[in-house]
Amino acid sequence: MAVIHHQNTNIFHICNEELSYIIRVMENGQLENLYYGKRIHDREGLEIFHEEEMRPQMTVSRPDPSFLSMHFTKQEYPVYGTGDYRSPAFTVAQPNGSRIVNFTYVSHKIYKGKVPIIPLPATYVEQEDEAETLELLLHDSLINTDLILTYTVYRDYPVITRNTRVCHHGDEPVTLERVMSASVEFPDMDYEMVHLSGAWARERYVKTRKLEMGIQAVQSLCGTCSSADHNPFLALKRPGTNEHQGEVFGFSLVYSGNYLAQIEVTTFDITRVMMGIHPENFFWTLEKGEEFQSPEVVMVYSDSGLNKMSQVYHRLYRTRLARGMWRDRPRPILLNNWEATYFDFNEEDILNIARKAKEVGVELFVLDDGWFGARNDDYRGLGDWYVNMRKLPAGISGLSRKIEELGLKFGFWVELEMVNKDSDLYRAHPDWVIGVPGRYESQARHQHVLDFSRKEVVDYIYEMIEKVIAEASISYIKWDMNRYMSEPFSRGTDAKGQGKFMHRYILGVYDLYRRLTERFPDILFESCASGGARFDPAMLYFAPQTWTSDDTDALERLKIQYGTSYVYPVVSMGSHVSAVPNHQLFRTTSLSTRANVAYFGTFGYELDLNMLSEEELSQVRNQIEFMKEYRELIQMEGDFYRLLNPFEGNDTAWIVVSRDRQKAVAGFYQRLNRVNGAWLRLRLRGLDPDRLYTLEWRWDKASERGDARTASRQVYGSELMYAGIPISREILNQKGGDFASVLFTLS
Ligand code: DGJ
């Protein structure tokens with residue numbers, strides 16, 4: 001890993017064993033993006049990648065004899081209005097109304113390690129020699145403003161992270177209108193764009209489209225979150241690239257609010273990718289001496305397909321983005337009461353469910369929505385973070401102790417950013433909700449967004465919830481957020497402040513997360529937003545796991561977890577076994593298939609175990625035993641390989657293999673059964689071809705013996721990977737036909 005500066009040619013070569021990223025300071029002082037891709041040799045003369053020729057209709061931005069035109073130049077950080085007719089990465093309005101700037105290279109710093117970008121979440125290093133950083137300082141002398149572009153290359157991962165900082169020194173204020181975190185250009189357009197798009201209960205479906213000339217983008221304008229609609233991620237891949245071969249460039253934004261991830265292709269085939277805070281309703285005035293810091297983009301390069309890109313994101317995000325004591329610990333097996341009771345419970349109901357949970361081996365009981373204020377439905381109570389004594393006479397603290405006496409840990413649900421108008425909080429502070437005075441305030445789930453851009457609001461909520469947590473014995477918190485922001489307007493600031501407040505809202509959320517996680521470092525936080533509407537890297541920095549989706553149907557979860565795994569590690573995906581018929585789809589799948597899907601996540605139950613038969617309970621006991629034995633492998637030490645794609649065919653499969661390739665767990669799932677169908681062959685990945693493994697077919701049936709091992713064979717890794725495991729019709733029929741699944745373990 002290195003950042004090399006060639007003084008004679010003024011070229012910066014950022015590289016590690018796998019990738020090269022090359023920047024040149026051009027003759028006009030601006031920055032050119034010469035190359036990004038697989039590692040190439042370092043040498044002085046890398047400017048051969050500079051392209052410059054006279055073209056019809058060309059705007060020449062540098063005096064003769066050069067033909068330098070910004071429109072045809074692959075730029076490092078393009079600005080508006082100087083002969084480049086594409087979308088810029090940066091726009092700033094100046095006192096005279098001009099948006100024209102000329103940022104030129106002044107100096108640079110190269111140093112070991114990586115510095116935080118407080119108050120924003122970002123990836124980090126633990127030892128300085130894990131990464132090297134380049135900071136390029138550019139300056140516009142007319143407005144007296146600095147632009148600092150920061151690049152960090154990791155030693156052990158094909159990863160470069162980027163962010164942008166603006167420091168204003170001029171006497172006159174300027175207003176930032178667009179500050180992308182990064183922009184990268186590629187010399188051709190022979191790529192496909194991969195993104196993760198969906199909606200509530202079908203988050204992060206994998207979408208792929210061929211690049212075309214013009215603009216293609218995904219974004220969030222949802223204000224409170226990165227959204228269920230489009231994840232803040234995109235990748236470029238060469239046509240023909242699949243999970244395990246071909247080139248991929250991943251871009252992932254460490255941010256939870258409005259964002260833009262855009263690809264623009266010119267009619268000369270140049271592809272520009274940019275990512276950052278969405279410019280809509282963003283205008284940020286900087287007075288003399290003030291700064292603006294953009295969020296971080298994490299760029300992953302893979303020369304061996306999408307799966308490798310994902311594995312890199314998994315390792316980096318699990319170990320160098322997530323933090324705290326839970327980062328390196330397998331997660332407790334929990335039972336959440338939401339689908340068991342919804343709002344309708346009292347203390348005895350909760351204790352009954354918890355007792356049964358303890359009997360079968362559950363470790364943590366989670367009390368979901370409905371424990372506070374007048375919260376008997378979703379019309380009222382949000383914002384009143386004090387316990388409903390009619391439901392829970394011993395309070396949260398009393399209940400938490402009773403649960404602990406049963407031998408379980410206790411956790412609970414909060415939704416701190418929201419308020420119902422029917423609440424004491426709203427009655428006391430009606431001006432704390434987001435909305436434009438005199439205009440209609442749209443509701444969603446009968447609730448409104450508290451203005452977290454205001455410190456006094458965040459302080460108030462912190463005080464209230466800190467007290468509840470401190471008085472009880474809390475081991476886990478599910479932090480929910482259930483609406484997008486409409487009529488975005490803060491009653492707490494002036495006209496200029498309106499351009500800042502949506503970003504400041506997100507900073508307020510991060511501030512509350514920071515305060516609570518620092519005050520209660522032992523608590524495991526799980527973020528949630530109507531299921532998976534805020535499944536983004538920034539959340540993982542504060543909460544190492546996220547509720548993946550409100551859709552708990554096993555079949556639907558295959559697609560959701562498959563798509564989510566493009567970027568996010570298995571251990572970050574909240575996954576529960578719920579009741580059948582399923583509450584979202586009314587589909588019935590076997591208890592075995594529901595667990596076989598949920599194992600590839602944090603694992604828990606979301607049902608009333610008292611409703612299960614003795615046979616089913618014995619099966620649940622076995623499932624929990626299995627997960628306790630395998631969670632270290634699945635959640636911590638394993639590499640995840642996608643094998644069969646639910647978006648493409650009837651079957652889904654994946655495998656987690658330990659880093660030393662000694663152990664593995666694989667899941668195979670079919671959608672519909674086949675009549676008189678062919679035998680299937682499941683070809684595994686990631687194993688040691690020369691190792692003799694013991695392959696076990698996990699036969700999860702509802703009987704006294706529960707999870708019996710029906711078959712155990714000695715097989716070489718080469719057989720498993722190149723020939724595959726034969727799966728017969730008979731097996732799939734015995735496993736229940738439609739929605740059947742098989743779990744394999746290898747040791
Ligand atoms: C939405 C979450 O995604 C659910 O799991 C549940 O916590 C409800 N909110 C409670 O209101």
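Predicted model: local features only at pLDDT ≥ 70, side-chain atom pairs only at ≥ 80, totals over all residues.

Colleague: Which atoms lie 2.7 Å apart at D368?

Modeller: A polar side-chain atom of D368 and an oxygen atom of the ligand are separated by 2.7 Å. The backbone can take part as well: a polar backbone atom of G531 is 2.8 Å from a ligand oxygen. For W547, an N or O atom of the side chain lies 3.4 Å from an oxygen atom of the ligand. Taken alone, the ligand exposes 300 Å², and the protein buries 98% of that.

**Strands and sheets**

Colleague: How do strands of a sheet pair?

Modeller: Strands of a sheet pair through backbone hydrogen bonds, in either a parallel or an antiparallel sense. Here, nine strands form an open sheet in the order β29-β28-β27-β26-β23-β22-β21-β31-β30, with parallel pairing. At its edges are β29 (573-574) and β30 (576-578), each of which pairs on one side only.

Colleague: Over how many bridges do β30 and β31 pair?

Modeller: β30 and β31 (residues 604-606) pair over three bridges, in the parallel sense. V577 has Y605 in β31 as its bridge partner.

Colleague: Which strands run antiparallel to β15?

Modeller: Strand β14 (residues 233-237) pairs with β15 in the antiparallel sense over five bridges, and K237 stands opposite V248 in β15. Strand β20 (residues 296-302) also runs antiparallel to β15, joined to it by seven bridges. There, S252 stands opposite V298.

**Buried and exposed residues**

Colleague: Is β15 largely enclosed or open?

Modeller: In a regular strand, the side chains alternate between the two faces of the sheet. In β15 (residues 248-254), seven of the seven residues are buried, so the strand is largely enclosed by the rest of the structure. On one side V248, G250, S252 and V254 are buried, and on the other F249, F251 and L253 are buried, so that both faces are covered.

Notes
Residues numbered from 1 in each chain as written. Heavy atoms only, no water. Polar contact = N/O pair within 3.5 Å; in protein donor to acceptor, adjacent residues only side chain to side chain. Areas by Shrake-Rupley, 256 points an atom, 1.4 Å probe, with all protein chains shown as cover. Pairing = 2+ DSSP bridges. Helix = DSSP H or I, 4+ residues; strand = E, 2+ residues; numbered from the N terminus. Buried < 20%, exposed > 50% of the residue type's maximum accessible area, 1.4 Å probe, protein only.
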